[in-house]
Amino acid sequence: MSGLTQPAVLPRGGLILGSARCGSTLVSDILNRHPAILSVSELFSTVGPHALRPDVLSGKRFWRNLSRPSRALSQVGNPDSAPREFLYGKGQAPEHDPWLCPPILAITLPHLTDTPDDLFRQLAQDVPQWPSRSLADQYRALFATLAAKLENQPVWVERSGGSLLASGTLLDMFPEARPVLLTRSGPDTALSMRDYPATRLAIWMWRRLNWVGIDLLSPRRHYGRGGIWPLIASLGGLGGLRHILNSRPSLTDCGAFWSELTCRGTEALRGHSPLVVSYERLCEAPAEEITRLGLYLADEAPQEWVAASAALPEKRPSRLAALGAADRDELLRACARGEDALSRYREA
């Protein structure tokens, strides 16, 4: 397939915007069962520092960003550090090393098909032939190609952990996309962030790089968009990450990071009317929330899809109650700003 024979661009799209560790993997699994939705899972997050830049590029460069392994990112996302989220190599004889694989193979393609290596080879033939155009149009062409090669779903929905930090950029790039704001209790999210290698690294970068004027959460130069991030990622591949990934941040840092990301991300949503989906509510009343999600994103919520997907959410107790009083107060204080920012959307 050449750039002249690509399938028509999908007319509709959706963006699941959340803080990371807020239940977005569950939402991807639910959407992947919908017959009209192409569920694009963790594409932007795994492409990492190249995900949202440059503004215009060739098909060859676009494919290089999607397919070139990164030693830095492989330390953060691999079968050991993210056993549930990282999908490549499960139940198959992988053609690539799961500990150093192409970004699009880590999660995105295995989420869509049981034969991700076959789909990867097909894309490797097609995408480099595409003409130069805007990055948004390259992604649109990718979504249309995936839909055509699979079951021709008419609606794409991208879900990347932590995408709320890029909400302004993503909504500018994809004005046709319907935004979903996925929320979860701040303290529970922060506690999950403390235990997860990728968010441990994000919290470390946010604290340390701010000292030299580099803002991981900048509205326009955030991770994946700013020109400095490919350089930082290349330096990270030289070593030194393991200690960061194995070290738990403080409760204050986890809560403050969640609050800052939430405040900035929701600020970028001003002027938009996202569907607000609460992780807690999704677990308490799955059929109702899944129906809302399907109707909003695809204008349909087939009964069989709702019934099958409603079995996926598992109600879990809050981890906040397991903390001592001092730790609980520390975390609640750190999350207060973010909870206040979310309350405006929850109440609406």
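Analyst: Start with a term. Helices and strands here are DSSP runs, numbered from the N terminus. Keep in mind that this is a predicted model.

User: How many cavities of 30 Å³ or more does a search of the whole structure find?

Analyst: The search covers the whole structure. Its count of cavities of 30 Å³ or more is one.

User: How much space lies in the largest cavity?

Analyst: A cavity is a set of points where a 1.4 Å probe fits but cannot get out. The space in the largest cavity is about 60 Å³.

User: Which strand gives the most to the lining of the largest cavity?

Analyst: Two elements each supply at least two residues of this lining: helix H14 (251-267) and strand S6 (177-183). The lining residues include Trp258 and Thr262, along with Leu181, Leu182 and Thr183. The top contributor gives three residues, and it is S6.

User: By class, how many residues of the lining are charged?

Analyst: The lining has six nonpolar and five polar residues. Arg184 is among the lining residues, and Arg counts as charged. The number of charged residues is one.

User: Is S6 mostly covered or mostly uncovered?

Analyst: Buried means under 20% relative accessible area. Six of the seven residues of S6 are buried. S6 is mostly covered.

User: Which residue in S6 is the bridge partner of leucine 17?

Analyst: Strand S1 (residues 12-17) runs parallel to S6, and five bridges join them. The partner of leucine 17 in S6 is leucine 181.

How values were computed:
Residues are numbered from 1 along each chain as its sequence is written. This is a predicted model: local features need pLDDT of at least 70, side-chain atom pairs count only at pLDDT 80 or more; totals for chains, interfaces and linings use all residues. Side-chain values use heavy atoms; hydrogens and water are left out. On a 1 Å grid over the protein atoms alone, a cavity is a set of points where a 1.4 Å probe fits but cannot get out, and a pocket is an open set with protein on both sides within 12 Å along at least five of seven lines; lining residues have an atom within 4 Å of a point. Grid points are joined across faces, edges and corners, and a volume is the space filled by probe spheres set on the points. Helices (H or I, at least four residues) and strands (E, at least two) are DSSP runs, numbered from the N terminus. Buried means under 20% relative accessible area, exposed over 50%, partly exposed in between (1.4 Å probe, protein chains only). Two strands pair if DSSP finds at least two bridges between them.
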